[in-house]
Amino acid sequence: MRKETQRDLFPGALEMMILRTLKRQPLHGYALVQHIRRTSNDLLQIEEGSLYPALQRLLKAELVKAEWGVSATNRRVRTYRLTAAGVKHLEREVSSFERMLKGISRVLAPGEL
Amino acid sequence: MNWIKQLISRRRMYGDMSEEIRAHLEEKVEELVADGMPRKDADAAARREFGNVTLMEEDGRDVWRWVWIENFLMDVRYGLRMLGRNPVFTAAGLFTIAIGIGANAAVFSVVNSVLLKPLSYPAAEELVALHQVAPGAPGLADFETGLLLSPSMYFTYAEHNQTFQSLGVWDADTANVTGLAEPEQVRIADVSDGVLQTLGVIPAVGRWLSAADQVPNGPKRVLLSYGYWQRRFGGDRAVIGRNILVDSQPREIVGVMPRGFRFVDTDFDMIAPLAFERGKLILAGFGFHGIARLKRGATIEEADADVKRMLTIWMDSWSNGPGTNPHFYETWKITPMIRPLKKEVIGNMGELLWVVMATIGLVMLIACANVTNLLLVRVEARQQELAVRAALGAGWGRIVCGLLVESVMLGLLGGVVGVGLASAGVRFLVAEGPANLPRISEISIDGRTLGFTLLLSMLSGLLFGLVPALKYAGPRNALALRSAGRTMSVSRERHRARNLLVMGQVAMALVLLVSAGLMIRTFEALRAVDPGFTDAQHLQVMRISIPASLVAQPEQVTRIQNDVMEKLATIPGVKSAAFASEMPMEGFDSDWDTVFAEGKSYPEGKMPPLLLYKHVSPGFFGAAGTRLLAGRDLTWTDVYGLRPVVMVSENLAREMWGTPSYAVGKRLREDPGLPWREVIGVVQDVREKGVQEKAPEIVYWPTLVENLFGRGPAQAIRTVTFVIRSERAGTESFLNEVRQAVWSVNSNLPLASVRTMGDVYGKSVARTSFTLVMLGIAGAMALTLGVIGIYGVISFTVSQRKREFGIRLALGAQGGDVVQMVLRQGAKMTLAGVAIGAGAAFVLTRLMKGLLFGVTERDPFTFGLVAALLMLVALLACYVPARRAMKVDPVVALRYQ
C-alpha cells in the first residue's frame, strides 16, 4: 500500500526501461534516472528512489551486474551493466509488451465500435 | 548454493545501496546548485524528487529477504530470549514436558517395535499362521493354541492348496548336545520342508535344509543359529560339514542362520528336519504349528476357504487305522482360522500395550494442562508488554504467532530432553517388561519414534500455547494496558480457562488412578488364587531329558530319574524332591486324550471329553505342595509294577463321580479298546495354564506306563521337570550341588530351564504385574501433576486476591472464613473434575476389561476410594495457600502494588 500510490507504471515497466537503457550503455543510478526522464520527455512520473528497489530486484535475478568505479565527473559511482540473461530477458519482455500494446491499441482505436 | 552467497554478502549489499542512494542525492543537489538553486532548497528538492529514502531502502532490502522465514527466525530469537529470562518458569515447564514426552516416546518405541513394525522377514505381510479351532472336540476348546496340525494335515495342505506359495509345520523341542564341552540342553526347532522357504531368510553360511534332508532314516542334518555358532564354535566357517552329537546322534552341520533371525517368536539354537515317515502317518497327531506364505493377492478369507476344502480331502485320504471312521472328525467341526503371523507373534500383548500407550497419552495431556497454566500466568504478567507491542502496530496474527513460536520452542526443547529420558525409559521397559513380551530384542528408538517425538513436541507446544495466545493476544486487549494496573479488580473471566484446565486435570488423573486401582485389585485377586502349589520361591525346578539314543530301555530311564530324585533329596537343606512331565505354568505343549469313565454310556458319535494328561512321580504332590484330598499317592511299586492306576484332579472327580472320596476306586480308560485303570487318589485343582485361567481337569499318570496300545515294551516319559523343595532354592551354591548330584548319576545329562517356581509364577502373571507397574507410574505422575496444578491455581488466585483478603480481614472477617472461602473454591473445582472423571472412567475402563481378573471394570470400591483420595489430596493442596491467605496482613496488602 506504500509504494503503489506513486507508481503509475504497470509492474515490470520500470525494470524493462532500465534494462533497455542499460543495453545501450552501462550507467550508474543517477545517470540512469536522468536518461529515462530525458528520453521520455518527462512524460513518465517516476519517483527517483523507486529505481533502487527495482535495481535490487534485477540484481537478485542476475539480469544486471553492479560494479563500483569512478565516473566521468570523477565521482565514486556504482555502474550497472546488462548480463547475458538480462539481454535475453529484455527481448522477451519487449516483444510481449509490444503484443500487449498492439492489442490494447486495437481495442482503443476509434471507429471500430 | 546461490542463496547462501546472498545471505553472506547481504550486509554488504545493504551498505552498497545506502551509499549509492546518498551519492545519488549528492549528485542531484550539486546539479541543482550548479543550475543556480540555493543549497537548502536544492536539498529539499532532491529529497522530494527521490521519495521516502528509508522506505526505498527498506523495499530494496526486502528484495533480498525471505520475509516469512526471517520474521519467524526473529520470533524464535525473541522466544529463546524470553525463555532464558525466566529460568524458573522455563525449568518447571521444560521438566514437565520432558517427562511427559520422554514417557510417551519410550512407550511408543515399544508399541512401534512390537506392534507396528513388520516382522523381520522378507515380505512379512504375506506370512500367516495356520491356526485352526475345533469347537466340536470336547475339552479342546479350552486350549488357547486351538487345534494344532497333524503331519497328515501338513501333507494334504502342502499338496492340495491353491492359495499358498509355500507352507510347512514346525515344533519347538529340546535336545541334548554332548561331546563339545559340558553336556548341554539346546532349544531346537523341528521343521518340515517348506518352513524355511516360507520364512524366506537365507542362511549366513552354508545352505538351507532341503527336501532331501527330510527323508526318514536318511542322513541327519542340522542348521545352527548365529548365537549358538558364535558361542560354541567361535564363528568358525569350517564347521560346515562337521558332525555334532545331538541326542547322542551325529548330525552334519549344513548351515548357519544370520544374526537376529528368530524362529517366529522363539529363540532357538538349532533347526533340524522333522523327516516324517509318510507311510506310517494317521489322521491324528495334532502337535505341530503350521506356517505359510500366501500367494500374492490371496486373502486370508480365501485361504480359510481353501483349507476348509482340503479338510475333506484330508479325511478322505488318511485314516486312524482299520475299523475307524475317518469322517469322525466332522463332529469336531474343525475350522481354519488363519491369521497373520504377526498377530500370532504379538499374542495378547497388543491390548496391553495400547492400554499403556493410552494411559501415558493421558499423562501427556495432564502435563500439557499444567504447562498451559504456567503459560497463562506468565502471559498475564506480560500483558502490558503485549499491549504495548499491539499499540505500536504489531499485527494481531504476528503476536499470536510469536507466542506460539515461543511455546512450540518450549515443546521442542522438552522433546530433546525427552528423547534422552526415553532412551533410559526404553532400557527400563525392556528390563522390567513382561519376560514374555514378544519381539523384545527388536525394541529400539528408531526414525519413526523420533518422528513421533518431534510431532508430539510440536503438537503439545501448539496445544499449550494456543490457549494463552488466543486469550491474551486478542484485538480487544487494548484494555490490558489499564487493567494490568492496580486500579481494576480481577475479572472472573480471567480465571475460567485456568479452572477448566484444573478440572480436566483432576478428571484425567481420576481415570488413570481408577485404572491403576483396578489393576491393584486384579493383582490382589490373582495373589489370592490358590495355584495348586505352595511357597513357590522355595521350589527349585529344572528340566532333564534322557534321549533314547543315550538310554534305550524305558524302565532304565525311570530308574535313572528315580536315582536322580533320591540323590537330590540327600543334598543338605532339601526337604523333598520329585519329578513330573511338567510343572504348572511352565507353558510346554500339553498332552491330552479322551477319557471314558466306567459305567457311563457314550452314544455313538458323541465323544467323551478330551482331558489334560500329566505324568508324575511318587511324592510329586507332596514336594509341590498340592493337597491330596482323597485316596493315596502313587508308590514306586505302582510304577515299576506297571499297575493300572491313575490319580485325578478334584474338578474331574466332582464332574464324573460327585465327590473326591467317591472317585477313589472308580475306573477309567482312554479308549474303549484299552484296559481299565483305577483311580487311587484325588488331588486339589491346579492352575495349570496360569492363575487367570480356569483350572483344567487333569488325569495324572505314572511316568512309566504300559505301551498305549497294549503291545510292546512299556513307555517312559523321557523329558521331565524335577522339583526340589528347599530353603536354598535359587542360590548358586545350591545349584552347583544339584548339578553334581545329577551328574553323579549320569554325567551326560544336561540341566535346562533351571529356575524357581517363583520365577515361573512371576512370568505367568507378568502381563498383569507389568500393566500394574505402568499404570501405577502413570497414576502417580497424574496425581503429582494434578496436585501441582491445583496448588498452582489456588496459590495464584490467593496472591491475586491479596488486597481483597486484606480488606475482608480489615473489615473483621476471621482467618477461618478466608481459609474456608479458598478451600471451597478448590473443592468446587475438584468435585467437578471428579464427577467428569468418574463419568469418563465409567466408559473408558471397559477398554481394559481383558486385563482384569476377579474385579469388574466398574468396581464401586475402587471408584469410591480413588475419588475420596483425590478429594483429600486436592484439599491438602489448597490448604497451604489458604493458610497464606489467612495470614495476609491487611496493612501490607493494601499498600502492596
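Guide: Happy to, and keep in mind that this is a predicted model. Let's begin with a cut-off: two strands count as paired if DSSP finds at least two bridges between them.

Visitor: Then what makes β7 and β8 of chain B a pair?

Guide: Strand β7 (residues 243-246) of chain B and β8(B) share four bridges, in the antiparallel sense. The cut-off is at least two bridges, so the label "paired" holds for β7(B) and β8(B). As an example, B:Leu245 stands opposite B:Pro250 in β8(B).

Visitor: What sits between those two strands in the hairpin?

Guide: Two residues lie between β7(B) and β8(B) in that hairpin, and B:Asp247 takes a positive phi near 50 degrees.

Visitor: How do you know that β5 of chain B pairs with β8 of chain B?

Guide: Two bridges join β5 (residues 205-206) of chain B to β8 (residues 249-256) of chain B, and the strands run antiparallel. The rule asks for at least two, so β5(B) and β8(B) qualify as a pair. B:Val205 stands opposite B:Val256 there.

Visitor: And β6 of chain B, is its pairing with β8(B) parallel or antiparallel?

Guide: Parallel: β6 (residues 221-224) of chain B and β8(B) pair over four bridges. B:Val222 has B:Ile253 in β8(B) as its bridge partner.

Visitor: Switching topic, why is B:Met508 called buried?

Guide: B:Met508 has 25 other C-beta atoms within 10 Å. The label needs 20 or more, so B:Met508 counts as buried. You'll find B:Met508 in helix α16 (residues 493-528) of chain B.

Visitor: Which residues is B:Met508 in contact with, leaving aside its neighbours within four places in sequence?

Guide: Those are B:Leu362, B:Leu365, B:Ile366, B:Ala782 and B:Gly837. B:Thr359 is 149 residues from B:Met508 in sequence, yet 9.5 Å away in space, C-alpha to C-alpha.

Visitor: How many residues does each chain bring to the contact between A and B?

Guide: Chain A brings 18 residues and chain B brings 19 residues. On the chain A side, α2 (29-39), α3 (51-60) and β3 (76-82) each supply at least two residues. The most comes from α3(A), with five residues.

Visitor: What is the make-up of that chain A side by class?

Guide: Four nonpolar, five polar and nine charged residues.

Visitor: Last one: how far apart are the centres of domain 2 and domain 4 of chain B?

Guide: Taken over C-alpha atoms, they are 28 Å apart. The domain assignment gives 131-337 for domain 2 and 547-748 for domain 4.

Note on methods
Residues are numbered from 1 along each chain as its sequence is written. Chains are lettered from A and ligands numbered from 1 in the order in which they are written. This is a predicted model: local features need pLDDT of at least 70, side-chain atom pairs count only at pLDDT 80 or more; totals for chains, interfaces and linings use all residues. Two residues are in contact if their C-beta atoms, placed from the backbone, lie within 7 Å. Ala, Val, Leu, Ile, Met, Phe, Trp, Tyr, Cys and Pro count as nonpolar, Asp, Glu, Lys and Arg as charged, and the others, Gly among them, as polar. Domain bounds come from an automatic or database domain assignment. A residue is buried if 20 or more other C-beta atoms lie within 10 Å of its own, exposed if 12 or fewer, and partly exposed in between; C-beta atoms are placed from the backbone.
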